[in-house]
Amino acid sequence: MKNLLKELNLNPPYYNTSSGQEHWTGQGKKTVVIKSPVDDNTIGSIQLTDKKSYEAIVETANSAFKIWKAMPAPQRGEIVRQFGDALRKEKENLGKLVSYEMGKSLQEGYGEVQEMIDICDFAVGLSRQLYGLQMHSERPNHRMFEQWHPLGIVGIISAFNFPVAVWAWNAALAWVCGNVCIWKPSEKTPFSAIACQEIFKNILKQNNLPEGISNLVIGDSEIGKLMASDQNIALVSATGSTRMGKDVAETVGKRLGKSILELGGNNAIIVTEEADLNVAIPAIVFGAVGTAGQRCTTTRRLIVHKSRYQDLLEKLKEAYKQLNIGDPLNETNHVGPLIDTDAVKAYLKTIEEAQNQGGQLVYGNKVLEGEAFKSNCYVTPTIIEANINMEIVKHETFAPILYVFPYDTLKEAIAIQNNVPQGLSSAIFSQNMQHVETFLSNSGSDCGIANVNIGTSGAEIGGAFGGEKETGGGRESGSDSWKAYMRRQTCTINYGKGAQLAQGIIFNV
Ligand code: NAD
């Protein structure tokens, strides 16, 4: 897995193989070494961005904004189109890098890059559709309409589990809307971010545009906090844990800045008595074990009608036995490693706590050992029979642990589903129209995403993505999510001769 960055044809100072190792300088004093969770080998070292270099980056971004916002939106779309094309060319290398650095399966690594390509295509079309409405004025000879302007600098804080796609969701939209971006990727997956930044920088260079349209800062939460408190950052789009989101919301809120928050999930699937298990089982297994349970949309809870409960549990156990765990770059494997050994500790602790609270272990609870698992990050996907009194099921543990509950009535199933602080994704498997429509009604799922006969993970970029409650309420990607990246201006023009006030107010002077 050596030289992935070299294969991507990146330029110094972002990487340097003269020392035999990749190295990126963020100009700061502190250096960290990045190892792959796949095999514990070093990918490279990173000199973290410090406060001083962060401030210089903000200055560069502010000057680039003046040039970028002056370009017509369809021309900005053309730059994003070129970026999408470059990603098509680099899909294989970039997908491999994402897979190696984060530990997700190669197919999912490619899938992440495909999501970036898709959002670029979406943004190109959007660049000609940043529509404002026109309203009828109550005053004669007046015209009233609204228009949308860019915000300025959009700060993007992203999580380790989607090292590149979430940035692209934000950046592609932010760019066509006329903003410039500063990206702080997770300090656990910086090389995938460096690769993306380099690919986009080449496009900017080819078009004689300033590099400051896209900026990268690499650091831990301290740099994220700096961004949240910085008046220069008009919008902070933060993806990560609820703990992080609460902190960002408070800091950005204090300065009355804008934020988009995409935080933790605790997603459930309801399987009704009329569900087609041939459709449900693959979706449940992929939802629960895909990305080793490290998706915000991972299926963490399964709520099954009691008439199907035992049968489904047996079938799930059989399916889990078929799973191959190992090197995610080997395409015959289904489950790769967790991101680090801290995540393994959290997995073990959660299973122990679940058992203490009355949960029954059905499958899993193992850390794999041996040469093939030398990073000590490989765990067995786990199934636990749970009950509604267990506090632990309300928490998101970023690992492949699935809690299974029996239910009697659909009302009860929906209540179990909604009885968690998070509200990201949800699904029902049923051929019963009344059950499906009840689940989708306003007495049904309280989540931002509600699927029917589809699992909780694997959203398409065309829809608005995000969730309610402690998931943060933000929306990204498709539909009209672009509006969060712009400021709305309502304009009224008086093209008549006289002066008229609204609401018929008379004010003679
Ligand atoms: P994390 O919260 O530890 O870190 C996410 C990012 O926030 C990192 O870049 C980190 O450096 C930064 N950060 C941490 N504390 C901060 C603070 N106080 N101020 C500013 N920045 C801060 O999350 P993680 O472990 O990287 O990712 C897993 C979490 O992300 C899970 O909870 C998952 O559900 C969530 N997630 C949500 C979505 C979504 O769209 N809802 C998508 C992906 C991941």
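The following legends describe close-up views of a predicted model.

**View 1. An open sheet of seven strands.** The seven strands are arranged in the order E13-E14-E15-E12-E11-E17-E18, and their pairing is mixed. Strand E13 (360–363) and strand E18 (449–452) form the edges, each pairing on one side only. From one strand to the next, the twist averages 25°.

**View 2. The pairing of strands E11 and E12.** Strand E11 covers residues 267–271 and strand E12 covers residues 299–305. The two run parallel and are joined by five bridges. Within this pairing, Ile-269 stands opposite Leu-302 in E12.

View 3. Helix H10 (residues 309–321) touches E11, E12, E13, strand E14 (382–385) and strand E15 (401–407). The direction of H10 makes about 160° with that of E14. Helix H12 (residues 410–418) also packs on the sheet, where it touches E11, E12, E15 and strand E17 (425–429). For H12, the angle is about 150° with the direction of E15.

**View 4. The packing of helices H3 and H5.** Two packed helices are described by the angle between their axes and the distance between the axes. Here the axes of helix H3 (residues 73–102) and H5 come within 8 Å and cross at roughly 150°. Angles over 145 degrees count as roughly antiparallel, and H3 and H5 are therefore roughly antiparallel to each other. On the H3 side, the residues that meet H5 are Ala-73, Arg-76, Gly-77, Val-80 and Phe-83. Their counterparts in H5 are Trp-167, Ala-172, Trp-175 and Val-176.

**View 5. The aromatic pair of Trp-175 and Phe-200.** The structure contains 11 aromatic pairs, among them that of Trp-175 and Phe-200. A pair of aromatic rings is described by the distance of the centres and the angle of the planes. For Trp-175 and Phe-200 these values are 3.8 Å centre to centre and 10° between the planes, and the pair is stacked. The pair links distant parts of the chain, with Trp-175 in helix H5 (residues 165–176) and Phe-200 in helix H6 (residues 190–206), 25 residues apart. Both Trp-175 and Phe-200 are buried.

**View 6. An aromatic cluster.** One aromatic cluster is formed by Phe-83, Trp-167, Trp-175, Trp-183 and Phe-200. Among its members, Phe-83 belongs to H3, whereas Trp-167 and Trp-175 belong to H5.

**View 7. A lysine over an aromatic ring.** Lys-104 lies over the face of Phe-162. The distance from the ring centre is 3.8 Å.

Notes. Residues numbered from 1 in each chain as written. Predicted model: local features only at pLDDT ≥ 70, side-chain atom pairs only at ≥ 80, totals over all residues. Heavy atoms only, no water. Pairing = 2+ DSSP bridges. Helix = DSSP H or I, 4+ residues; strand = E, 2+ residues; numbered from the N terminus. Axes fitted to C-alpha atoms, helices over the stretch in contact; angles between N-to-C directions. Contact = heavy atoms within 4.5 Å. Phe/Tyr/Trp six-rings, centres within 6.5 Å; stacked < 30°, edge-to-face > 60°. Buried < 20%, exposed > 50% of the residue type's maximum accessible area, 1.4 Å probe, protein only. Lys NZ or Arg CZ within 6 Å of the ring centre and 35° of its normal. Parallel < 35°, antiparallel > 145°, perpendicular 65-115°, else oblique.
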